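Biologist: I have a model open and would like to go through it with you. Can we start with what the terms mean?

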Amino acid sequence: MARTPFELKRKSVFVAGHGGMVGSALVRRLASEEANLLTAARSELDLRDQAAVNAWFTANRPQVVFLAAAKVGGILANDLLRAEFLYDNLAISINVIQAAHANGCEKLMFCGSSCIYPRLAAQPLREDSLLTGPLEPTNEPYAIAKIAGVKMVEAYRSQYGDDFISVMPTNLYGSGDNYHPEYSHVVPALIRRFHEAKLSGATNVVVWGTGMPRREFLYVDDLADACIHLMKTYSSPELVNIGSGQDITIADLALAVAAAVGFRGEISFDTSRPDGTPRKLLDVSRLAKTGWQARISLEEGIRLAYQSYLDDINGQQQGMLVCPRGERQGGSSRA
Ligand code: GFB
């Protein structure tokens with residue numbers, strides 16, 4: 001049964017995927033909501049395991065669920081790990097949504113992705129362009145899994161009256177990102193590549209593709225703030241896009257990251273690498289009508305993300321003095 005404004009105070013709130021970039025931003029943001037936070041480490045709960053998820057929900061009975069767990073990665077990870085992206089993301093969605101329903105969860109938010117929209121849909125991408133055309137081939141398995149999640153939310157809402165909602169974030173970046181050289185998204189990939197080039201004195205950095213695709217980017221703490229806002233104020237079967245409302249070419253993004261990192265060499269483009277969708281800019285008018293807009297500019301966000309990358313690698317170096325270990329983010333991860 002839908003109720004807005006929806007209270008988080010003193011509710012038991014489960015952040016599924018709290019170890020990932022989105023989940024950890026939600027945990028940071030929830031600290032000011034006086035909610036009783038519930039989390040489950042991957043080692044204690046595999047969200048792909050239906051019996052384990054059912055048992056966990058029966059034991060903990062969360063009143064509120066943020067479904068931020070997903071297997072995520074950049075264009076290459078999506079294209080190569082097609083079976084894992086489809087299976088893991090489908091399994092996580094069906095298990096968590098069904099268990100939330102079966103255990104009387106009052107409200108659930110499902111986090112999708114802007115890649116669910118057709119590759120050549122009119123820009124900016126409106127929520128109602130869903131399923132109006134073919135998907136971008138490099139991320140079709142991930143998109144299909146996320147579309148299934150959206151449809152589950154819609155179906156549980158209409159058949160059972162569950163107060164479940166779906167949000168579609170744009171391309172995200174920020175603290176807690178994955179910096180794998182091949183499997184990460186573009187912002188962390190470029191932060192790492194420019195940083196390493198600066199340290200080694202390299203004179204050229206290679207950026208994938210033509211540099212011409214356009215992408216919209218949102219700092220992950222802005223996303224978390226939008227999610228809390230929508231959890232409290234939004235209740236509808238219509239999904240909501242979450243973005244900054246502005247996009248930029250990959251070539252200009254590379255210049256911005258190089259400037260933030262302090263790399264002064266040349267930038268070249270490897271056109272043997274895929275461009276993916278030519279443009280991905282969300283129409284954020286539905287979100288704006290709810291009274292929310294992004295606050296962290298791209299320039300500020302890249303500065304924050306670079307600082308967080310430096311903190312990460314400094315932490316790892318200090319950790320290695322005590323206990324040598326491999327790279328923390330060794331591949332695409334389940335967020
Ligand atoms: O971030 P990214 O992998 O996400 O790539 P997508 C965005 C653009 O940056 C593409 C270019 O045109 C890439 O070719 N790019 C340039 C790079 N250099 C690099 C680099 O070093 N690494 C990466 N990764 N890209 C993903 C989807 O697509 O976006 C997922 O595959 C998900 O399903 C995610 O939706 C948000 O926007 O192309």
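Modeller: Helices and strands here are DSSP runs, with at least four residues (H or I) for a helix and at least two (E) for a strand, and they are numbered from the N terminus. Keep in mind that this is a predicted model.

Biologist: Fine. Pockets, then. Which elements each supply at least two residues of the lining of the second largest pocket?

Modeller: Strand S9 (214-219), strand S11 (247-249) and helix H9 (285-289). S9 has the largest share of that lining, with four residues.

Biologist: What volume does the second largest pocket have, and how many residues line it?

Modeller: The volume is about 290 Å³. The lining has 19 residues, and those nearest the centre are Phe217, Ser244, Gln246, Ala294 and Ile296.

Biologist: And the lining of the second largest pocket by class? How many nonpolar, polar and charged?

Modeller: Twelve residues are nonpolar, five are polar and two are charged.

Biologist: Now the ligand. How many residues surround it, and which are the closest?

Modeller: The ligand is surrounded by 22 residues. Ile75, Arg193, Arg215, Pro274 and Asp275 are the closest.

Biologist: How much of the ligand's accessible area does the protein cover?

Modeller: The ligand on its own has 690 Å² of accessible area, and the protein covers 97% of that.

Biologist: Which elements give two or more residues to the shell around the ligand?

Modeller: Helix H3 (75-80), helix H6 (186-200) and strand S8 (204-208). H6 gives the most, with three residues.

Biologist: Which residues line the largest cavity?

Modeller: Among them are Ser114, Cys115, Tyr117, Arg119, Glu136, Thr277 and Lys280. By class, the lining of the largest cavity has four nonpolar, three polar and four charged residues.

Biologist: Now Lys107. Where is it found, and does it count as buried or exposed?

Modeller: Lys107 is in strand S5, residues 107-111. Lys107 counts as buried because its relative accessibility is 0%, and buried means under 20%.

Biologist: What does the side chain of Lys107 reach?

Modeller: Two backbone oxygens. The one of Met231 is at 2.8 Å, and the one of Tyr234 is at 2.6 Å.

Biologist: And Asn178, where is its place?

Modeller: Asn178 sits in the loop between strand S7 (171-173) and H6. With a relative accessibility of 8%, Asn178 also counts as buried. A polar atom of the Asn178 side chain lies 2.9 Å from the backbone nitrogen of His180.

Biologist: How far is Asn178 from Ile165, by C-alpha atoms?

Modeller: Their C-alpha atoms are separated by 27 Å, and the two residues are 13 apart along the chain.

Biologist: Last topic, backbone geometry. What should I expect in general?

Modeller: Most residues other than glycine have a negative phi, and most peptide bonds are trans.

Biologist: What is the peptide bond from Gln123 to Pro124, then?

Modeller: That bond is cis, with omega near -10 degrees. Pro124 is in the loop between S5 and helix H5 (140-160).

Biologist: Which residues have a positive phi although they are not glycine?

Modeller: Arg61 has a phi of about 40 degrees, and Leu131 has one of about 65 degrees. Arg61 is in the loop between helix H2 (50-60) and strand S3 (64-67), whereas Leu131 is in the loop between S5 and H5.

Biologist: Why does Leu131 count as it does for accessibility, and what about Arg61?

Modeller: Leu131 has 56% relative accessibility, so it counts as exposed, the cut-off being over 50%. Arg61 has 47%, so it counts as partly exposed.

Methods: Residues are numbered from 1 along each chain as its sequence is written. This is a predicted model: local features need pLDDT of at least 70, side-chain atom pairs count only at pLDDT 80 or more; totals for chains, interfaces and linings use all residues. Side-chain values use heavy atoms; hydrogens and water are left out. A residue is near a molecule or strand if one of its heavy atoms lies within 4 Å of it. Accessible areas come from the Shrake-Rupley method with a 1.4 Å probe; for residues, only the protein chains shown count as cover. Buried means under 20% relative accessible area, exposed over 50%, partly exposed in between (1.4 Å probe, protein chains only). A polar contact is a pair of N or O atoms within 3.5 Å; within protein, one must be able to donate a hydrogen and the other to accept it, and residues adjacent in sequence count only if both atoms are side-chain atoms. On a 1 Å grid over the protein atoms alone, a cavity is a set of points where a 1.4 Å probe fits but cannot get out, and a pocket is an open set with protein on both sides within 12 Å along at least five of seven lines; lining residues have an atom within 4 Å of a point. Grid points are joined across faces, edges and corners, and a volume is the space filled by probe spheres set on the points. Ala, Val, Leu, Ile, Met, Phe, Trp, Tyr, Cys and Pro count as nonpolar, Asp, Glu, Lys and Arg as charged, and the others, Gly among them, as polar.
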